[in-house]
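Open your viewer and get ready to select residues one by one. Here is a short tour.

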Amino acid sequence: MRLDVWLWAARFFKSRSLATAACRAGKVRINDVIAKASSQVDVGDAVTWRDPLRNRDVLVVDLLQRRVGAPEAAKAYVDRSPALPTKEERGAVPMRDRGAGRPEKKDRRDLDELRGFHK
């Protein structure tokens, strides 16, 4: 089975084209070898890639011929990825109160200082 189809069918990517793009960028590996989108994936293969928040590591348990619901898709792999980082570990993003309007010059300076963009 094609790697990009399996990643899409197992619900790791929202579309097959996103899975293909990740493979083309060299971010997806099968058994520690960089894989193309057309690479064949088999039961027992270890598939790894970099998610926006963490490194993903899954073991293929079942080959899905089509996209299925999330509970069924979860049965097709064993997730060996590290736990998702908490919001505190990811860092807080400064937020404005809803309806506070557009930030003024002083507000923008304060936000830049919070983010670490000192001038």
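Is Asp 79 buried, exposed or partly exposed? Asp 79 is partly exposed, with a relative accessible area of 36%. Here buried means under 20% relative accessible area, exposed over 50%, and partly exposed in between (1.4 Å probe, protein chains only).

This is a predicted model: local features need pLDDT of at least 70, side-chain atom pairs count only at pLDDT 80 or more, and totals for chains, interfaces and linings use all residues. Residues are numbered from 1 along each chain as its sequence is written, and side-chain values use heavy atoms, leaving out hydrogens and water.

Now select Arg 56. Arg 56 forms a salt bridge with Asp 79, with the closest N and O atoms 2.9 Å apart. A salt bridge is a side-chain nitrogen of Lys or Arg within 4 Å of a carboxyl oxygen of Asp or Glu. The pair links distant parts of the chain: Arg 56 sits in strand E4 and Asp 79 in strand E5, 23 residues apart. Strands (E, at least two residues) and helices (H or I, at least four) are DSSP runs, numbered from the N terminus. Arg 56 is buried, at 10%.

Next, pick Asp 110 and Lys 106. Their side chains meet in a salt bridge (3.2 Å, N to O). They are 4 residues apart in helix H5, so about one helical turn separates them. Lys 106 is exposed at 57%.

Finish at Val 41. Val 41 lies in the loop between strands E2 and E3. Val 41 is buried, at 0% relative accessibility. Its contacts (heavy atoms within 4.5 Å) include Trp 6, Ile 30 and Leu 63.

Technical notes: Lists of a residue's contacts leave out its neighbours within four places in sequence.
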